[in-house]
Amino acid sequence: MACSITGALAQYEGKRFVSASAGINFGTQKQDDYPSTNGYGYNFNAGFGKFKTQNMARGWSVGSVLAGGKSGIFRNGENETDSGISQFGANVGYFWQYYKHFNDKFGVFGGPNIGVAYNYTRGYDTSNGVTETKNRTFTLPFSLSAGAYYTLNERWWITGSLGFSDLFMVGYTHIDVENLDLKTGSNSNVFTYKFTPSINFPSVSLGLRYFFKN
Amino acid sequence: MKKILLLVLPWMLLAKTATAQFGQGTKHWGTTISFEGSAQRHKPDNVGESKLNNHVISPSVQFGKFTKDNLMLGLRLNAYLNFYKTKSEVVTEYESSNNYLNVTLSPFIRKYKTLSPKWALFLEPGLNLGYLRSWSKSTNDDDESQNGFLAGAYIYPGIVYRVTPRFALEADLNLLSLNLQYASMNKSDSFGFNAGITSSIQQYFGIRASWYIAKSN
């Protein structure tokens, strides 16, 4: 197909796109004289966006992570196991991205993200009897991020992160600690806040973005 | 209107015209702040509770004037304040607090090199003159406070992005750094020297908002 060399920029307005990552895992282990253990989990992150103008897109991001399994605990002189979920997280966010298209193929983008995230973890400590700790954390982050893209074809972009800034965050954590032997426990409530006008350069992470047919 | 979007702060739009030079007589001021902290309440079953508060705030403000084109003399005031307090009513009542203050005054010289109407680099040698104070209180001990001072010299480069001719964002880069410091508190003295060079861009640096107000003719 013929293309002019000076080429007009591709038209993005109205185009919708998705980028996502997902994984599942499962494993099991059996060792003589010990109970068998296993582990499972999943993680996914997805962003759905739409170009509102040639130079601006916005959209939603969602993500979740889960980990669990059967793990061994040495308790009261015996090897026991514990089964259940050790981590669960979920987050929802909204993002704005502003673009500078250098040419047909290449450009950069950046913008703010807001969101809400929930994370639950459960763990054991056997250093002082057997204690079980449950953490439940809510965070409201406000961050900035920037990236670059390269157009592979009409449907696919390859994207790379250039930098990000965790500008502002408030969080609330509820911690429950229970000593399973003594049947005693405690709970903590922690409120945290942070404002740091700084930029981080991450190690380069690459991704793909798919554009839907309109 | 032609919109050019900045990589890291894209909502800031480029204004119409930009002068590349920082002319003699231009006044400058810049500021930044960061803060963080936590408040925690811990409650064991049936026996009282304890509280822990930790807050850090670090503001910075600087002024300068260009004595020649692209050469500025400046003065920066940095403060770092840390409040830490814990209170326990578990078994026995106990309360303690530790606070720390560091105020540093830095006279400096900046030599600018403009790369484009939007971007400029600078090299900044300067002196650090600091006052340190810590004070603590606790139920079981006497109140205690310490005073100290620090003196040092540094040199590092930085980068400026001019969002508009008057407003810019700048960051200090640690590509090349040299720092000489002497700190003395009532009970301790320390002396440090560090120098480094790297070609890699550091992972983390703070951003300062700054203004350049050209002398009106």
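Which residues do ring pairs link into a cluster? They are A:Tyr12, A:Phe17, A:Phe51, A:Tyr99, A:Phe109, A:Tyr149, A:Trp157 and A:Phe211.

Before the close-ups, some ground rules. This is a predicted model, where local features need pLDDT of at least 70 and side-chain atom pairs count only at pLDDT 80 or more, while totals for chains, interfaces and linings use all residues. Residues are numbered from 1 along each chain as its sequence is written, chains are lettered from A and ligands numbered from 1 in the order in which they are written, and side-chain values use heavy atoms, with hydrogens and water left out.

View 1. A pair of aromatic rings is described by the distance of the centres and the angle of the planes. Here, rings of Phe, Tyr and Trp (its six-membered ring) pair if their centres lie within 6.5 Å; planes under 30 degrees apart count as stacked, over 60 as edge-to-face and the rest as tilted. Going by that rule, there are 36 aromatic pairs over all chains. One of them joins A:Tyr99 and A:Tyr149, a tilted pair with 6.4 Å centre to centre and 55° between the planes. A:Tyr99 belongs to strand 4 (residues 78–101) of chain A and A:Tyr149 to strand 6 (residues 131–151) of chain A, so this pair ties together parts 50 residues apart in sequence. (Strands are DSSP runs of E, at least two residues, and helices are runs of H or I, at least four; both are numbered from the N terminus.) A:Tyr99 counts as buried at 1% relative accessibility, and A:Tyr149 counts as buried at 1% too. Buried means under 20% relative accessible area, with exposed over 50% and partly exposed in between (1.4 Å probe, protein chains only).

**View 2. A tilted ring pair in chain B.** The ring centres of B:Phe22 and B:Tyr212 are 4.7 Å apart with planes at 55°, so this pair is tilted. It links distant parts of the chain, 190 residues apart: B:Phe22 is in the segment before strand 1 (27–44) of chain B, and B:Tyr212 is in strand 10 (residues 204–213) of chain B. B:Phe22 is buried at 1% relative accessible area, and B:Tyr212 is buried at 2%. As for the chain around them, chain B has zero helices and ten strands, and buried residues make up 35% of its 217 residues.

**View 3. An arginine over two rings.** A charge sits over a ring if NZ of Lys or CZ of Arg is within 6 Å of the ring centre and within 35 degrees of the ring normal. The charged end of A:Arg209 does this with A:Phe17, 3.9 Å from the ring centre. A:Arg209 also lies over the face of A:Phe109, at 5.4 Å from the ring centre. Both A:Phe17 and A:Phe109 belong to the ring cluster we began with.

**View 4. A:Ser188 and its contacts.** Look for A:Ser188 in strand 8 (residues 184–195) of chain A. A:Ser188 is buried, with a relative accessible area of 6%. What is A:Ser188 in contact with, leaving aside its neighbours within four places in sequence? The partners are A:Thr173, A:His174, A:Ile175, B:Gln40, B:Arg41 and B:His42, where contact means heavy atoms within 4.5 Å. A:Ser188 and A:Ile175 are 13 residues apart in sequence, and 5.0 Å apart in space, C-alpha to C-alpha.
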